[in-house]
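Biologist: Please put the structure on screen. I would like to go through it chain by chain.

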Amino acid sequence: MTTFALLLITGLGLGALYFLIAAGLSLIWGLMRVLNFAHGAFFTVAAYAGWSVARALGGQSPGVQWIAAVAVAIVVGGVFAALTEVVLIRPLYARHVGQVLVTVGLALATIALVQGGFGSDPQRLALPDWMTRTTSVVGANIPNTRLLVIVAALIVFGLLLFFLRRTRFGLIVRAGVENRAMVQALGIDVQRAFTLVFAIGGMAAGLAGMLAGTYYGTIDPGRGTGMLIFAFIVVIIGGLGSVTGSAAAAVVVGELQQFLNFYGATGVGDFSVVLLLAVVLLIRPGGFAGASTA
Amino acid sequence: MNGAGPLLAVRELDVYLAESHVLQGVSFDVRRGGITGLLGRNGVGKTTALRGILGLVPRTGSVLLGGDETINLPTHEIVRRGVAYVPEDRDVFAGLTVAENLRLAERAPAPRYELVYELFPELKQRAAQKGGTLSGGQQQMVALARALLNPDDRILLIDEPTKGLAPLVVRHVVDALRRAADVATILLVEQNLSVAHALVREVIVLDQGRVSFTGEVDELMGDAALARKHLGLAAAGSH
Amino acid sequence: MTRRTRLIALGVVLALCIALPWIGIAIPGLFEGALNAPGTLNLLGLCFVFGALALTYDLVFGYVGLLSFGHALYFATGVYVTAIALTRWHWSLPQALALTAVVSVVLPLALGAICLRMRDIPFAMVTLAFAQAGSILVSQNPFGLTGGEEGLALGSDTLPPALVGVANTHNVYWIALALLLVVYAIAWRAVNSPPGRVWQAIRENERRVGVLGLNPYLYKLGAFVLSAFLASATGVVYLLLQGGANPQVTTADFTLALLVMVVLGGVGTLWGAVLGGIVYEYLDFRLVALSNTPAVQSLPGVLRVPLSEPLFLLGVLFIVLVLFVPGGLGGALERRFKPVRAALGSSAARA
C-alpha cells in the first residue's frame, strides 16, 4: 500500500513537470499552429541560468539561492521565448513548416551551446534542507521535492485558468484557438497575443526546468529534449490547445510511466506512453479535448 | 471623407482560390445607407466577394472604404475602420459563452447592448450559455448582435443570414435587419430571393465571378426573363 | 552552361570519385590526409552515406510532403539488425543482409500503416513517438542483443576479409559510392514514375487525389516503405564504415539532423538533398577537427565555445537558411545552374 501511495504521488510529481511544459506547448500550438521544438531549449537555458545564479550567490543560504534560481529561470524562460517569437517566428508567419523548422534549428544550436559551455555532465543543484527530507503521506515517505512540484503545478494551472477565463487576452486566446480568422474579422490583431502566449509558455518551461532540476537534484543539457518528447505526447493526448486537457493527460502519462517503470523494467513505462499515444491517435486523432482542435 | 460618393467602392477585385479564378475583375459600388443586395446563383463568388473585401482571402484590385484604399490592409485593420462581418457559417465561438462572444466583439467605448438586447432578448437570457450548445437560429442572433454592437461601424457585410432557419426565425432576422439598416449601411448576400426582395433596394448580381447586373431590385425581379437570366429558374415568379 | 557541358562535368566528377583511392594528392584545409588516405576515404564514404540517407528522407518529406520525425528508426534498423545478426548470431553477411531486407520492409509497413492514418502534426508526433520507442528499446539492451549504451562492435571475424581493416577502407568507400548512385537511381525512377507524380499531387492537394479515384493512403504507404527500405540500406553501409553500431543513430536528434540536411540542400530536389547530406556530414566532421586547432583553442571562451560545437554552427546555419534561403543550397545554386536540374532530371516543384 505504501509503495502504491509512493508511486501514485511521485507519478503525480512527474505529471506536474510534464504539465508545466505541455501547457505552454498546447497553447502555442492551439493558437499559432506552431510545433515549438525550441520549448526544450527554453527549459534548458532557463535551468542553467537559474543554476548559475544560485552558484553566484554561493554565500547565501540554499533557500535564498533556490528562490533566486527559480525567479531567474522563470524570467529567462519568458524573455527567451518572447525573443524567439519576435525574431524567428513572426517573420515566417505564412510558412508553418518553416516555423517548425526554425524552432528545430534553435533547439539544436542552443542545446549544443549549453553543452559546450557547461559540459554534458549533470551539475548538482544546491537544495535547502527541508527539500531533501521526506514527508509521511498515507504512510508513505514522499520526498518533499515531489510535493513541491505538485503544488507549483497546481498554482500555475490555477493562474493559467484565471488568465484564460478572466482576462481579455485570455478570451482572445481561447477564441483564437478555435477560429483565428474570425477573431481577426472582429477587428482583433491576434498577432499581439502570439508573443504573450510564447512568453507564458517560456515562463512555464523555465519553471519546469528549475523544478526538474530540483526533482532530480541535478541539471543536464539533455533533459529538456527528453522531457519535450513526452510533453508533446501529453499535448496530443490532452487535445491541442486545451490546458485542462494537458493537465489530465499529464497526470495519466506521469502515472503510467511511474507505475510501469517500477513494476515492469526501466523503460517499459516510457514505451507504454508511446503506445498510449498511438492508441489515442488511432481512436481519436484530435486527442481527448477534441473540440479545441480545428 | 467623401460624403457624396459611394461608401464602398470595389474596383477590379481579383481572387484566386487554389487554382480557380473565383472573382474576375469584379467592380461595384455600395451606396451609403439602406441595404444593397449581392445576389447570384450558388457558387458564383458572393461569399468570396465579401471575404475579399475583408482581406480574408488574398486579393488584388482596389477596395475603397469611404474613399480610403484598404486593399493593402490586414483584416483586423479593415474591420477597425468600421466594417462588421456576419459570416455564412456564423462562426460563433463554441467554447465561449454568449456574453463572451459579444464581449469579444466590442471595439468601441460604448457598445450598443441596449439595441442588441432589444432586438434579441433571448441573448440576454442565454448570456451564460456556451456558443456550441445554441441552435442555428440562436447562433445567427449572436452573429448579428456582434455586428451591431459597435456604433462606429459604417457598413455591415452580411452573408446569407436566413440560411437553414425556420420561417419564424427568418421573420425575426428580417425585422432585425430592417432595424439595423437604420443605423448602418448593409451589403447583404442572400440566396432567399423573397427575403432579398423584401429588404434590399439596389442589387448587384454576380455570375461566374463577374458582375452581370446592377440596378434596382424591382427592375430585376419585375422582369421574369431578366430574373431567370441572372438568377436562374428559381427567380422567375418570386415576388 | 549547356546540358551537355553539365553532363560531362558530372561524368568527370564521378570518374574522379571512383579513382580517388589511387589519388595521393593532399588538399590541406579540406582534408587532413591525402585524398586516398583511409581517414579521408572514410569521411567521404560517410558523406556519401548521408547524402543517400538525406535523399531517402527527401522522398517522404520533400516529395510526398510527409513530415516524419522518425526516419532515423529505419536507418537504425539497417545498422542494428545487421550488426546483431553478425555479432550475436554469427550469421554470414549475405544472411544478415537478407534478414535486414525483410525487416526493412515489414517494419515500415506495419508502423506506416498506423502512422499514416493521421495527417500533418499528429502524423509527425506518432512517427517521433515510435522512433523514441525504438531508441528506448535499443538502450534497454533486451536479451543483451543491442549492447545498450555501448553499442555493438563488428569484430574482424564477422565480415568478409575484403571489408575488414584500415587497408581495405577503399573497398567500403566504393560500396558507399555505389550505394549513393543506386539509391539516387531508384529515387529518380520512383519520382518520375506515375506513382511518383501522385506523390507530388498528394503533397499539393491530397483531397483532390482522392477525388480522382486514387487512394492517397496506399500511395503514401508505398513512399513510406520505399524510403524506409532505402534508408535501412544506407544504415548497413554506415555500419561497415563505422565498424559498429551506436545508439546515437536511434535518437530524435538524429532525425532532426536529417531534417537539417534536407533543408540545407533544398527540399524537393533529389540532388539538393544529396548535397545537403554530404555538406552536413563534412561540416560536422571538419568543424570538430577545426575546433581542436590551436587557432580556435586560443580564442576567448565566448568565441571558442560556440565555434567548438558543430551542432551550434549547423543549427544557426539552418535558421539562417530557413529564414533567408528557403530553397536551401540547392535552391541557391539552382538559380544559377538551371540546366543541372534538367541533366539530373529532378521533376519536383519547390516545397
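Biologist: Which strands of chain B does helix α1(B) lie across, and at about what angle does it run to β1(B)?
Modeller: This is a predicted model. Helix α1(B) covers residues 46-54. It lies across β1(B), β2(B) and β4(B), and its angle to β1(B) is about 110 degrees.

Biologist: In what order do the strands of the open sheet of 4 strands in chain B come, and which are the edge strands?
Modeller: The order is β2-β1-β4-β5, with antiparallel pairing. Each edge strand pairs on one side only. The edge strands are β2(B), residues 20-30, and β5(B), residues 68-69.

Biologist: Which residue of β5(B) stands opposite L65(B)?
Modeller: Strand β4(B) spans residues 59-65. It runs antiparallel to β5(B), and 2 bridges join them. Opposite L65(B) stands D68(B).

Biologist: Chain B also has an open sheet of 6 strands. Which strands stand at its edges?
Modeller: The order is β6-β7-β8-β3-β9-β10, and the pairing is mixed. On average, neighbouring strands are turned by 15 degrees against each other, direction ignored. An edge strand has a single partner, so one of its sides is left without a neighbour in the sheet. Here these are β6(B) and β10(B).

Biologist: Which residues of β6(B) are buried on each side?
Modeller: Side chains in a regular strand alternate between the two faces of the sheet. Strand β6(B), residues 83-86, is covered on both faces. One side has V83(B) and Y85(B), the other A84(B) and V86(B).

Biologist: Which residue of β8(B) is the bridge partner of L157(B)?
Modeller: Start from β6(B), which pairs with β7(B) in the parallel sense over 4 bridges. There Y85(B) stands opposite L157(B). β7(B) then pairs with β8(B), also parallel, over 5 bridges. In β8(B) the partner of L157(B) is L187(B).

Biologist: At about what angle does helix α7(B) run to β8(B)?
Modeller: Helix α7(B) takes in residues 167-183. It lies across β3(B), β7(B) and β8(B). Its angle to β8(B) is about 145 degrees.

Biologist: And at about what angle does helix α10(B) run to β9(B)?
Modeller: Helix α10(B) takes in residues 224-231. It lies across β3(B), β9(B) and β10(B). Its angle to β9(B) is about 50 degrees.

Biologist: Why does the radius of gyration of chain C agree with a compact globule?
Modeller: Chain C has 16 helices and 2 strands. Its C-alpha trace spans about 60 × 55 × 45 Å along the principal axes. A compact globule of 351 residues would have a radius of gyration near 20 Å, so chain C agrees, with 20 Å.

Biologist: What share of chain C is buried?
Modeller: Of the contacts in chain C with a separation of 6 or more, 75% join residues 24 or more positions apart. Buried means 20 or more other C-beta atoms within 10 Å. Of the 351 residues, the buried share is 50%.

Biologist: Which pair of chains shares the most contacts?
Modeller: There are 2 pairs of chains in contact.

Biologist: Which element gives the largest share of the side of chain C that touches chain A?
Modeller: The contact joins 33 residues of chain C to 31 residues of chain A. By class, the chain C side has 27 nonpolar, 4 polar and 2 charged residues. Its largest share, 11 residues, comes from α5(C).

Key. Residues are numbered from 1 along each chain as its sequence is written. Chains are lettered from A and ligands numbered from 1 in the order in which they are written. This is a predicted model: local features need pLDDT of at least 70, side-chain atom pairs count only at pLDDT 80 or more; totals for chains, interfaces and linings use all residues. Two residues are in contact if their C-beta atoms, placed from the backbone, lie within 7 Å. Ala, Val, Leu, Ile, Met, Phe, Trp, Tyr, Cys and Pro count as nonpolar, Asp, Glu, Lys and Arg as charged, and the others, Gly among them, as polar. Two strands pair if DSSP finds at least two bridges between them. Axes are lines fitted to C-alpha atoms, for helices over the stretch in contact, and angles run from 0 to 180 degrees between N-to-C directions. The radius of gyration is taken over C-alpha atoms; the globule rule is 2.2 Å times the number of residues to the power 0.38. A residue is buried if 20 or more other C-beta atoms lie within 10 Å of its own, exposed if 12 or fewer, and partly exposed in between; C-beta atoms are placed from the backbone.
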